[in-house]
Amino acid sequence: MNTFAPIALGTWSWGAGFAGGDQVFGNHLTDVQMQAVFDAAMKAGLTLWDTAAVYGMGTSEAALGKLVKQHDRDELVLSTKFTPQIADEQADTPVATMLDGSLQRLGGDYIDLYWIHNPQNVERWTPGLIPLLKSGKIKRIGVSNHNLEQIKRANEILGAAGFAISAVQNHYSLLYRASEEVGILDYCKENDITFFAYMVLEQGALSGRYNSQNPLPDGSGRAASYNKVLPQLETLTKAMADIGLRYQANTAQIAIAWAIAKGTLPIIGATKVHHVTDAAQAATIRLNSAEMEQLENLARATGVDTRGAWEQPMA
């Protein structure tokens with residue numbers, strides 16, 4: 001049985017430069033800010049951290065690694081990723097080479113959960129994980145941004161060597177439920193695979209903080225993606241806020257609670273202390289079936305499709 005904390009904290013926004021969170025979110029965290037977020041998470045018992053070698057080309061991992069070193073390694077669960085597009089094609093073992101770089105930046109001699117970041121070539125890259133599992137350098141395997149056929153194929157390749165996928169990580173929110181619609185969530189439940197949901201808050205568009213009168217900050221990638229649809233989201237976010245009043249919770253916490261109620265493990269971007277404390281509190285909320293149905297109906301009525309440019313269709 002796979003056992004993870006109910007919520008993971010994402011550190012994409014901790015990286016800077018190419019593929020860094022500063023380009024998407026329009027800000028750059030200081031060491032002091034990251035320390036405060038990390039300390040709040042550890043105090044709240046949120047010890048599952050998600051990053052990737054490509055986030056800021058290693059700068060996210062390096063920033064997290066500085067903080068990880070302040071604790072015993074077994075106090076944390078670290079999740080990072082092999083991204084095929086930045087693999088060293090000249091290396092004898094590109095997957096192992098990227099992993100070694102991640103280990104140097106994060107510290108320690110193993111990664112708890114190692115992902116193939118996208119399905120660029122399932123047949124080529126999945127077998128590269130097997131010797132790393134055998135050596136103990138990685139404890140469990142996940143696949144991210146894969147469709148159902150690709151997930152099944154990766155599981156077949158691993159299964160032939162006596163291993164299996166432990167986790168799937170896809171974009172999943174009230175506004176983007178493709179993984180549910182095509183049967184990925186059901187497959188995960190049937191095969192003891194934990195589904196990690198990223199972009200549960202749609203980069204802040206479902207946080208309740210932004211609306212047509214108060215759009216996301218100009219100049220950021222998320223502003224370009226979401227500001228044009230904020231008017232369509234206002235009925236949904238108002239209903240989320242109203243439901244939140246019943247639980248002494250804010251809009252973002254209702255989005256997180258919805259994702260947990262769907263049987264997923266949300267990854268919440270952690271840039272401020274309140275993101276951590278809000279996430280911890282959201283894990284205690286239990287929405288009822290009527291509230292779930294209301295939210296899903298209103299989300300469907302927005303007509304908004306938030307599939308990212310990097311995502312292949314799940315169908």
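Modeller: Glycine 128 sits in the loop that links helix H5 (122–125) to helix H6 (130–135); helices are DSSP runs of H or I with at least four residues, strands are E runs of at least two, and both are numbered from the N terminus. This is a predicted model, in which local features need pLDDT of at least 70, side-chain atom pairs count only at pLDDT 80 or more, and totals for chains, interfaces and linings use all residues. Residues are numbered from 1 along each chain as its sequence is written, and side-chain values use heavy atoms, with hydrogens and water left out.

Biologist: Why is glycine 128 called partly exposed?

Modeller: Buried means under 20% relative accessible area, exposed means over 50%, and partly exposed is in between (1.4 Å probe, protein chains only). Glycine 128 has 22% relative accessibility, and therefore counts as partly exposed.

Biologist: Which class, buried or partly exposed, applies to aspartate 192 and to methionine 199?

Modeller: Aspartate 192, in the loop between helix H9 (184–190) and strand E7 (194–198), has a relative accessible area of 32% and is therefore partly exposed. Methionine 199, in the loop between E7 and helix H10 (221–226), has 11% and is therefore buried.

Biologist: What makes helices H2 and H13 roughly parallel?

Modeller: The axes of H2 (residues 31–44) and H13 (residues 273–282) come within 8 Å and cross at roughly 20 degrees. Angles under 35 degrees count as roughly parallel, over 145 as roughly antiparallel, 65 to 115 as roughly perpendicular and the rest as oblique; H2 and H13 are therefore roughly parallel. Axes are lines fitted to C-alpha atoms, for helices over the stretch in contact, with angles from 0 to 180 degrees between N-to-C directions.

Biologist: Which residues of H2 and H13 meet?

Modeller: From H2, Ala36, Val37, Ala40, Ala41 and Ala44 meet Val273, Val276 and Ala280 of H13, where contact means heavy atoms within 4.5 Å.

Biologist: How do you know that strands E1 and E2 pair?

Modeller: Pairing requires at least two DSSP bridges between two strands. Two bridges join E1 (residues 8–10) to E2 (residues 48–50), and these strands run parallel. Glycine 10 has aspartate 50 in E2 as its bridge partner. Eight strands close into a barrel, in the order E1-E2-E3-E4-E5-E6-E7-E8, with parallel pairing.
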